[in-house]
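Subject: The structure you asked about

Hi there,

Here is the structure I promised to pass on to you.

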Amino acid sequence: MVGSGFGNIFKIPELKKRILFTFALLIVYRIGVHVPTPGIDRIALSAFFKQTAGTLLGLFDMFAGGALERLSVFALGIMPYISASIILQLLTVTIPHLERLSKEGEQGRKKITQYTRYGTVLLSIIQGFGISVGLESMTSPGGAPVVIHPGWEFKLMTVMTLTAGTAFIMWLGEQITEHGIGNGISLIIFAGIVVRMPTAIGNTFRLLSTGDMGIFAVLILTGLMILVVAFIIYMEQGQRRIPVQYAKRVVGRKMYGGQSTHIPLKVNTAGVIPPIFASSIIMFPATLASFVTIPWMKQMADAMRPGNLMYETLYVGFIFFFCYFYTAVTFNPEDVADNMKKQGGYIPGIRPGKRTADYIDRVLTRITLGGAMYVSAVCVLPSILMTKFNVPFYFGGTALLIVVGVAIDTIAQIESHMLARHYEGFLKKSGSKPKGRF
């Protein structure tokens with residue numbers, strides 16, 4: 001049943017073309033991860049990263065898809081773009097010009113996207129320069145310098161290389177979003193995480209074969225992973241449905257309305273955006289601090305490592321903030337209430353207009369609290385596993401939430417293409433589509 005559903009994908013030429021285009025650009029991205037930045041001693045850099053495993057650099061490297069550990073042309077990853085997006089969205093709320101642009105439809109969106117690109121290049125230059133300075137002071141455990149010929153030539157070359165790499169990743173993501181399937185930026189992060197999973201699984205089996213990890217512990221870990229994935233899928237599909245009734249009205253000789261429907265409010269309206277944004281904000285200053293020798297900045301970098309109380313507290317705080325912020329940006333109860341009123345719709349027991357907007361806003365605020373708690377719980381799981389149970393690889397949390405969330409969104413887009421062309425979706429055919437309701 002599921003196999004035949006997947007087979008229908010290749011019966012739709014446009015969908016087939018979009019999927020193949022997406023895969024092709026993701027392959028280009030993975031090739032770029034292995035293109036080295038000039039002037040680096042690879043052996044010394046690899047030795048340095050081995051001693052920083054499980055720290056903030058390891059977390060940053062996860063988002064960069066392993067490019068930071070190799071210091072490839074894509075070492076900065078897509079984080080400068082995400083940081084620029086955060087800044088632009090925050091400024092949209094405070095600067096009237098940007099707020100007007102956000103309400104001007106497609107043209108305004110293109111202008112804000114252009115500003116985001118400029119911000120990405122600026123942040124890439126700043127981060128690239130900070131990394132180049134930090135690299136010159138880095139040595140391997142054996143004392144070998146990471147940079148072969150330090151100096152301004154190396155700094156300028158590194159800044160140009162890393163900035164160009166991030167700009168190219170940004171372009172790849174935009175092309176996937178426009179001509180491929182799914183959200184390009186999310187899929188790039190998704191690809192970087194997924195390619196590391198076989199290595200993590202291989203390390204687990206190696207620890208099992210050497211006796212460093214017992215079979216019972218592996219079974220518990222596997223069971224926990226399955227439960228977390230099921231929990232994430234259930235919560236991502238969960239929604240609160242607000243009933244809506246449309247009054248009957250006569251236009252000419254035809255009668256319209258009279259039907260009942262609902263407004264589906266997702267428990268996690270913001271999706272994977274909050275943990276990505278939160279990680280980006282926390283990692284930016286702490287990563288720069290880890291490259292310098294100033295004592296107080298070193299102390300800050302140590303305090304901001306995953307597993308420490310300050311890191312986890314800030315992480316959860318930022319997740320809560322972005323859950324509410326991104327939900328407020330993407331869903332406006334007043335617009336929904338106005339549209340319902342114009343079309344003769346109303347929520348039973350609630351007066352149309354402001355009362356309806358207030359009711360929707362109150363419901364949305366409550367379920368967003370539950371969504372923020374769920375996202376926070378899933379994202380702090382890896383720190384608990386590493387610090388309390390000595391799990392030997394970076395399990396779950398943010399990475400698992402991104403992988404499952406992006407997979408669900410991409411499958412939903414594929415299914416919408418299939419249903420729009422009168423093909424049954426492969427999820428519905430198998431009866432496995434979750435229908436969580438809150």
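Before the helices, one term: axes are lines fitted to C-alpha atoms, for helices over the stretch in contact, and angles run from 0 to 180 degrees between N-to-C directions. Helices (H or I, at least four residues) and strands (E, at least two) are DSSP runs, numbered from the N terminus.

This is a predicted model, in which local features need pLDDT of at least 70 and side-chain atom pairs count only at pLDDT 80 or more, while totals for chains, interfaces and linings use all residues. Residues are numbered from 1 along each chain as its sequence is written, and side-chain values use heavy atoms, leaving out hydrogens and water.

On confidence: pLDDT is the predictor's confidence in each residue, from 0 to 100. The chain averages 78, and 77% of the residues score at least 70.

Now to α9 and its neighbours. The axes of α9 and helix α10 (residues 184-194) cross at roughly 115° and come within 7 Å. On the α9 side, the contact (heavy atoms within 4.5 Å) is made by Ile169, Leu172, Gly173, Ile176 and Thr177, and on the α10 side by Gly184, Ile185, Leu187 and Ile188. Six of these residues are nonpolar, three polar and none charged; Ala, Val, Leu, Ile, Met, Phe, Trp, Tyr, Cys and Pro count as nonpolar, Asp, Glu, Lys and Arg as charged, and the others, Gly among them, as polar.

Helix α8 (residues 106-136) also packs against α9, at about 145° with axes 8 Å apart. Their contact has 11 nonpolar, eight polar and four charged residues.

Finally, the aromatic rings. How many aromatic pairs does a search of the whole structure find? There are nine; rings of Phe, Tyr and Trp (its six-membered ring) pair if their centres lie within 6.5 Å, and planes under 30 degrees apart count as stacked, over 60 as edge-to-face and the rest as tilted. Phe74 and Phe168 are stacked, because their ring centres are 6.0 Å apart and their planes are at 20°. Phe74 lies in the loop between α5 (67-70) and α6 and Phe168 in helix α9, so this pair ties together parts that are 94 residues apart in sequence.

Happy exploring!
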